[in-house]
Amino acid sequence: MTAQTNRQFLLAKRPVGAATRDTFTYQEVPVGNLADGQVLVRNEYLSLDPAMRGWMNEGKSYIPPVGIGEVMRALGVGQVIASNNPKFAVGDYVNGALGVQDYFLGEPRGFYKVDPKLAPLPRYLSALGMTGMTAYFALLDTGAPKAGETVVISGAAGAVGSIAGQIAKIKGCRVVGIAGGADKCKFLVDELGFDAAIDYKSEDVPAALKRECPKGVDVYFDNVGGEILDAVLSRLALKARVVICGAISQYNNKGSREGPRQLPVTAGQSGAHGRVCGDGPCGELCRRRAGNGRLDGPRQAQEQGRYCRRPGDVPGDADEAVQRRELRQVGTEGQLTHHRAMVGLGPEG
């Protein structure tokens, strides 16, 4: 293994505003030797996520920042090509924080096995990965949408928003997506089945929300923050629920981030909750499958045909095994279209 070369991107400095090329250092180093408990993984796909910008910042967050001089953190899927860890064998495919590099060498903390026979590997970074679970648990646990309600999703053409909107449609809701550009809006309606889409780049968002949500917004799934968050807050229905999942419009701010200027939550008896994938049932599922070194249940559920279209279709609605089967069903049977920025790794050039 020592003859192989590992191409890596390391965090060189903490960016102010948008990250640029000099935010990173590129290096080529030999692949090292395995120690006890370690695995060597050849990275097949890496995911490019907005969260990566936040991981570059110093300060308190839900996850420690990437250290200066460390390989840039990135989620990925790859194949184990050497192992000194009893939970993982050579040939296993795994999902984990592999980093922006050709090979991961280290202890597989939080890694779990995935099966390319059940779904294409990239899907484990989208509908069946962190973004899919974030959309699923945040929408259903916090948003709690009911059939006939109006659900609005910002960043709707992104990795999380596109999945959340499709799940809301499965639940029988009217779904309105907010995205930037005519192509994205067409994608939401024509391919993902949203009821309507608002192009924030060419439309007056408050006026469009009034047009598309005449009775107000029952559930708002926010991925962007800023002015769009303000616009939707002003249209909340009585006892609406707001899921604060992201604030991508604020990530590259050089000064302090803007907070919401509209605060109708108390008057409308609404609730706003922040969610990351490590919270609640989603976090417990991640910890459980990482502890097992595998994702429990999907193969048996697929073989036995015990998929449910909605949690309520199976007794034990709150049981995480049921939720896993539903997420796996909509991902593997093609009922969710996944949309995420990923790169496949191969030889240079």
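A nonpolar core is here a set of buried Ala, Val, Leu, Ile, Met, Phe, Trp, Tyr and Cys residues joined through side-chain atoms within 4.5 Å, where buried means under 20% relative accessible area with a 1.4 Å probe and protein chains only. The model is predicted, so local features need pLDDT of at least 70 and side-chain atom pairs count only at pLDDT 80 or more, whereas totals for chains, interfaces and linings use all residues. Residues are numbered from 1 along each chain as its sequence is written, and side-chain values use heavy atoms, with hydrogens and water left out.

**Nonpolar cores**
- The largest nonpolar core has 30 residues, and Leu139, Val151, Ile153, Leu188 and Phe221 touch the most other members.
- At least two residues of this core come from each of several elements, including helix H2 (130-143), strand S8 (150-154) and helix H3 (159-170), with H2 giving the largest share, seven residues; helices (H or I, at least four residues) and strands (E, at least two) are DSSP runs numbered from the N terminus.
- A second, separate core holds 20 residues, among them Ala196, Ile198, Leu209 and Val217.

**Strand pairing**
- Strands S4 (residues 75-83) and S5 (residues 93-97) run antiparallel and are joined by five bridges, pairing being assigned if DSSP finds at least two bridges between two strands.
- Gln79 has Tyr93 in S5 as its bridge partner.
- S5 also pairs in the antiparallel sense with strand S7 (residues 112-114) over three bridges, and Asn95 stands opposite Tyr112 in S7.

Methods: Buried < 20%, exposed > 50% of the residue type's maximum accessible area, 1.4 Å probe, protein only.
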